[in-house]
Each structure stands twice: as structure tokens, then as C-alpha cells.
Amino acid sequence: MKPVLKLYRGYANNQELIVMGHVFKPNSISDYDFQKKNFQNAQSIIRLFQVKTKPNTDVFLDINGTTIHTKTLEDGYFKFCIPLKDNATFGWKKYTVSIVHEDEKITVSSSYIQPKLGKFGFISDIDDTFLISHTRNPFKKIYILLFKNVTKRKVFEDVVPHYQALQKAGRVNKEEENAFFYVSSSEWNLYSLITQFTELHQLPKAVLLLKDIKTSLTQLFFTGRGNHNHKFEKIKHILEFYPELQYVLLGDDSQQDPKLYEAICKIFPLHIKAVYIRQVGRSKKQATEKILENITSLNVAVCYFKSSKEAIAHSKAIGLIE
């Protein structure tokens, strides 16, 4: 059996390209089917957390007629951060990565976005921000992950038209799209599931920045939990990578998003246009309201909402969307 090369969507500005992926030991990852039912779906999810990575593996990136070589890290992860010379075109572009196994070249392609810089960038959490996940109830969350396939998973009402409108916000040319980033404490193991879900519901095509890969079944039961510092670092990186943009941060009150976004607003007081926090429980949290009051004092628009209809109305009121 051959090792598995898995690529993720990358991103570029006018100076640098960043693309990443994993190399796994031989398995049947390519056979994962998130549309199977019940126990078959559970089996697919379980196998995602039983992957074995290949450290120190040679990886080759083909870009603009040049081949660049690197090796995977201890967890099988690789990342190319390279100077970019192609500034003539914008939008989603193709890139190709290869590995060699027993003199056979294994080649996989994915895409990266080079946005034509407009006014805005959008950074959204995933679980309980647009994908109903029941994060506050770990047992229910795991049950749904295991036994509800991608077609049975649900999106919050009206979140799709809101995100689609944001994707065009501030654009005169409607063919151009703003860059979207989905930053989550879900692990790279769930990348294919999340991308399939977003495509199924016609959510904006986005760069996903997820948590380190997990390689044991026990870690499945702690998916999306634990320290959220990686989200802070990834959001900070995006803002530094595209410093010309104003950002809208979208999250929910089920975990640490309000506190995390408050810290980002304090460090980047000129970069944040608005913060949207979905109310997941039956009532608004006093602690969240206090944090959002503090964010408001930094001249950042805030919206603490139960229904995405409220978020859409707020976006129109502040001139973000038409």
C-alpha cells in the first residue's frame, strides 16, 4: 500500500504563499465516506482518528515551473512558506505537491486563494457558529459526530445568506470575493468532513486553519476541546498576513470566542470592523455581554444574536452588506 498525501487549502498575499498538508502511513483514508449511515458513518469517523503519520518524509511543491523540497515534521505535517512572484491574477489557484514511494511519484493537487485586496476579511469559528454541534454537551456532540453523516448535520437558519452576503461585502465587481477563514479547535482529522459540509450548504469557500492532528481513538472523545491558544495565534497570523484589511470576527458563546476576540481587538484596534457572537443557550451570558461592552468601547461594532436574521440586520445597519 502507498502512503497518503493530504493537502489543505492555502493562501497568498502579494509576497508570500503558504500551503500545507500531511503525509500518512498507508491506510484507506481515500475511502472515507461521510455520507454513510449510522454505524458506517461512525466507523469512518473513528478511522479518521486512527491515522498514523509519516515524519521526516520528502515533500515536493511544484509552483510556477519551480520544484521546492521540504520534509514533514514529527506529526507528518508539512508547510511551505515561500516567496511568491505571480501577482498578475487573483482568486483561487491550483498548486501541486508530490511525494515519492518506492520510485513511484504520488502527486496531489489542491488550491490556494490570492484575494484581490478589497476592504474586508472574514474569520469564523465553525462549531456552533454555523455548524450545529452542541459543544456545550460533549456526549451529544460526540454522538452527532459519530452517528449523523454529513447530509444529516445541520446549519443554523439564515447563516448561509449572511455569509454569502459577507463574501461580496464592499465589492463593486461582484465576481470578486473576500477571503474567508474558518479557524477552529477541531483537528485536521475532520478537514474533509468540514469542507464537504460547507460545500453541501454553499457556504463560502474558505481556508481552514485547524488544530494539530490526533492519532489515537481516545483523542476522538476530546475533539474540539482543551486549549484554544492555537486559535488566537492563527487569527493573529491572518491579520498580520493581510494587514491592509478590516476584519469581521464571527463566533459563539459556547466556549472561548468572546474572550479570544476581545484579546484580538485589543492588539489590533484598527483592524477589526465588527464582532458577531451567536447565543447558543436559551439566554444571553452576562460574562459575554460584559466582554462585548468592552469591545464596543474600542470602537468595534458588536452583535450578540440568537438568530442570523438579527446578524443580517446588524450587518446592513453598519453598512457592511446591502
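Residues are numbered from 1 along each chain as its sequence is written, and side-chain values use heavy atoms, with hydrogens and water left out. Because the model is predicted, local features need pLDDT of at least 70 and side-chain atom pairs count only at pLDDT 80 or more, whereas totals for chains, interfaces and linings use all residues.

Helices (H or I, at least four residues) and strands (E, at least two) are DSSP runs, numbered from the N terminus. An open sheet is formed by 6 strands in the order β10-β9-β8-β11-β12-β13, with parallel pairing, where two strands pair if DSSP finds at least two bridges between them. Strands β10 and β13 (301–305) stand at the edges with a single partner strand each, so one side of each is left without a neighbour in the sheet. From one strand to the next, the twist averages 15 degrees. Helix α3 packs on this sheet and touches β8, β9, β11 and β12, its direction making about 135 degrees with that of β9, while α4 packs on the sheet by touching β9 and β10, and its direction makes about 145 degrees with that of β10. Contact here means heavy atoms within 4.5 Å, and axes are lines fitted to C-alpha atoms, for helices over the stretch in contact, with angles running from 0 to 180 degrees between N-to-C directions.

The chain passes from β9 through helix α4 (residues 191–200) to β10 in a right-handed β-α-β crossover, a term meaning that, with the strands pointing away from the viewer, the path from the first strand over the helix to the second runs clockwise. In strand β10 (residues 207–211), 5 of the 5 residues are buried, so the strand is largely enclosed by the rest of the structure; buried means under 20% relative accessible area, exposed over 50%, and partly exposed in between (1.4 Å probe, protein chains only).

Two packed helices are described by the angle between their axes and the distance between the axes. Helix α3 (residues 159–167) and helix α9 (residues 308–317) pack at an angle of about 25 degrees, their axes lying 8 Å apart. This angle makes α3 roughly parallel to α9. Residues V159, H162 and L166 in α3 meet S308, A311, I312 and S315 in α9. In helix α7 (residues 257–267), the buried residues are D257, P258, L260, Y261, E262, I264 and C265, and their cover includes β8 (120–124), α6 (229–241), β11 (246–252), β12 (272–278) and α8 (286–296).

Residue L131, placed in the loop between β8 and α2 (138–147), counts as buried at 8% relative accessibility. Not counting residues up to four places away in sequence, L131 touches I126, R153, K154, F156 and F197. Residue S110, which lies in strand β7 (residues 104–114), is buried with a relative accessible area of 16%. Leaving aside neighbours within four places in sequence, S110 is in contact with L7, Y8, R9, K93, K94 and Y95.

Key: Parallel < 35°, antiparallel > 145°, perpendicular 65-115°, else oblique.
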